Amino acid sequence: MNVEVDRLTQEVNRVLGEFSQDVDEAVQKATEEVGTLAVFRLRNSSPVRAGGSAAYAKGWKLKKTAGNKHYYKVVVHNTQYQLTHLLEYGHDIVRSGKVVGHASAQPHIAEVEKWVQDNIEEYIQGFLDKK
């Protein structure tokens, strides 16, 4: 009887190990794909300077960080990081120490962040269904 229980335990552990590997792989692929799509969306929705300079919009990048067996992360960032908060939330315009106006907010990051939060599970499930 103990031999049967040991075999059953080994088989359950093997199946769970395979499933765990499949989930890890699906999370990694989904994270990269959603991150890439987030960069694309941010490049398209970012404000462009009146003179036509799209340097800020083109500055969105995806950085893959080293993960371990059950942890994987990507970071979406802008090379002109100083502008992200100012553009997203607005700011005072100061000249010679005096506030001369206010630049209104141009929200573009929050909607992409919400899209990522709403869709990451769907992408993970899609990669799991392909297995």
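A residue is called buried under 20% relative accessible area, exposed over 50%, and partly exposed in between (1.4 Å probe, protein chains only). The structure is a predicted model, in which local features need pLDDT of at least 70 and side-chain atom pairs count only at pLDDT 80 or more, while totals for chains, interfaces and linings use all residues. Residues are numbered from 1 along each chain as its sequence is written, and side-chain values use heavy atoms, with hydrogens and water left out.

**Exercise 1.** Describe the salt bridge of R14 with E18 and the setting of both residues.

*Solution.*
Step 1. The criterion for a salt bridge is a side-chain nitrogen of Lys or Arg within 4 Å of a carboxyl oxygen of Asp or Glu. By this rule the model contains 5 salt bridges.
Step 2. For R14 and E18, the closest N and O atoms are 2.4 Å apart.
Step 3. Helices (H or I, at least four residues) and strands (E, at least two) are DSSP runs, numbered from the N terminus. Both R14 and E18 belong to helix 1 (residues 2-45), with a spacing of 4 residues, about one turn of the helix.
Step 4. R14 counts as partly exposed because its relative accessibility is 40%. E18 is likewise classed as partly exposed, at 39%.
Step 5. A network of salt bridges links E11, R14 and E18.

**Exercise 2.** Examine the salt bridges E25 to K29 and K64 to E32, and state where each pair lies in the chain.

*Solution.*
Step 1. E25 and K29 form a salt bridge with an N to O distance of 3.2 Å. The two residues are 4 apart in helix 1, so about one helical turn separates them.
Step 2. E25 has a relative accessible area of 30% and is therefore partly exposed; K29, at 41%, is also partly exposed.
Step 3. In the salt bridge of K64 with E32, the N to O distance is 3.5 Å. This pair links distant parts of the chain, since K64 is in strand 1 (residues 60-68) and E32 in helix 1, 32 residues apart.
Step 4. E32 is partly exposed, with 22% relative accessibility.

**Exercise 3.** Characterise the pairing of strand 3 with strand 4 and the burial of strand 4.

*Solution.*
Step 1. Two strands pair if DSSP finds at least two bridges between them. Strand 3 (residues 91-95) and strand 4 run antiparallel and are joined by 5 bridges.
Step 2. Opposite R95 stands K98 of strand 4.
Step 3. The hairpin of these strands has 2 residues between them, and S96 adopts a positive phi near 55°.
Step 4. Strand 4 (residues 98-103) has 6 residues, of which 0 are buried, so the strand lies largely in the open.
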